[in-house]
Amino acid sequence: MSILEIIKYGSPILTKKAETIKYIDKDIEDLAQKMIQTMWAAPGIGLSAPQVNRSTSLITVDLSLGENKNDLFILINPELLNKEGEIIQEESCLSIPEIQEKVIRPFRVVIKGIDLRGKEKIIEAEEILARVFCHEIDHINGKLFIDHLSLLKKNLIKKKLKKMIEKREL
Ligand code: NI
């Protein structure tokens with residue numbers, strides 16, 4: 001089992017658009033397996049490659065935290081095809097510890113991506129699953145969940161995070 005270090009807020013890799021994956025090799029397969037182990041160990045229900053210091057377009061999602069095989073998604077070059085409705089719920093991120101804020105997300109989404117065998121996948125998701133996919137696809141685009149908040153709220157959180165970084169709590 002290999003657990004990778006989770007990159008925290010303040011690192012430039014988290015605000016950079018990740019590279020598209022052009023072919024699936026052993027390196028990508030290994031990265032995916034390590035990301036799954038890291039996500040489960042955290043524990044978290046979603047993880048993106050930039051969060052483990054790789055600026056590449058790969059995400060893992062598992063609402064069951066390893067309990068149910070069918071709940072695990074590994075997606076290469078994920079993108080949002082369609083979205084519908086709105087739902088507000090508290091959200092957090094493994095890269096931004098201790099911060100939880102309400103974020104508006106689509107109620108239902110259609111996601112496109114490629115699996116580890118190179119096969120195109122179309123996934124329809126609702127509620128929490130839709131939220132996690134949106135959150136992780138945002139990471140691929142260099143966007144964090146706090147970027148969805150009002151400027152006032154975002155600035156307050158940034159101040160708090162800055163203090164945490166200064167005290168080496170982050
Ligand atoms: Ni996150």
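A residue is called buried when its relative accessible area is under 20%, exposed when it is over 50%, and partly exposed in between (1.4 Å probe, protein chains only). By this scale D147 is partly exposed, with a relative accessible area of 30%. A salt bridge here is a side-chain nitrogen of Lys or Arg within 4 Å of a carboxyl oxygen of Asp or Glu. Between K154 and D147 the closest N and O atoms are 2.8 Å apart.

The model is predicted: local features need pLDDT of at least 70 and side-chain atom pairs count only at pLDDT 80 or more, while totals for chains, interfaces and linings use all residues. Residues are numbered from 1 along each chain as its sequence is written, and side-chain values use heavy atoms, with hydrogens and water left out.

The nickel ion is coordinated by C93 through SG and by H135 and H139 through NE2, at 2.0 to 2.2 Å. Donors are N, O and S atoms within 2.8 Å of the metal (3.2 Å for Na, K and Ca); water is not among the atoms, so sites may look incomplete. Along the sequence the donor residues follow the spacing C-x41-H-x3-H. C93 belongs to strand β4 (residues 87–93) and H135 to helix α2, so this pair ties together parts that are 42 residues apart in sequence. Both C93 and H135 are buried. Helices (H or I, at least four residues) and strands (E, at least two) are DSSP runs, numbered from the N terminus.

Helix α2 has 14 residues and spans 20 Å from its first C-alpha to its last, close to the 20 Å expected at 1.5 Å a residue. The expected span is 1.5 Å times one less than the number of residues. Twelve of the 14 residues of α2 are buried, so the helix is largely enclosed by the rest of the structure. Among these buried residues are R131, H135, D138 and H139. An α-helix has 3.6 residues a turn, so residues three or four places apart point the same way. After α2 comes G142, whose phi is positive, near 75°.

The strand that supplies C93 has a partner. β4 and strand β5 (residues 96–105) run antiparallel and are joined by six bridges; two strands pair if DSSP finds at least two bridges between them. The two strands form a hairpin with two residues between them. Within this pairing, C93 has I96 of β5 as its bridge partner.

β4 and β5 are also linked through charged side chains. R105 forms a salt bridge with E91, with the closest N and O atoms 2.7 Å apart. R105 lies in β5 and E91 in β4, so the pair ties together parts that are 14 residues apart in sequence. R105 is buried at 3% relative accessibility, and E91 is buried at 5%. E91, R105, R131 and D138 are linked in a network of salt bridges.

The whole structure holds nine salt bridges. One of them joins R54 to D27, with the closest N and O atoms 2.8 Å apart. R54 lies in the loop between β1 (46–48) and β2 (58–62) and D27 in helix α1 (residues 26–41), so this pair ties together parts that are 27 residues apart in sequence. R54 is partly exposed, at 28%, and D27 is partly exposed too, at 38%.
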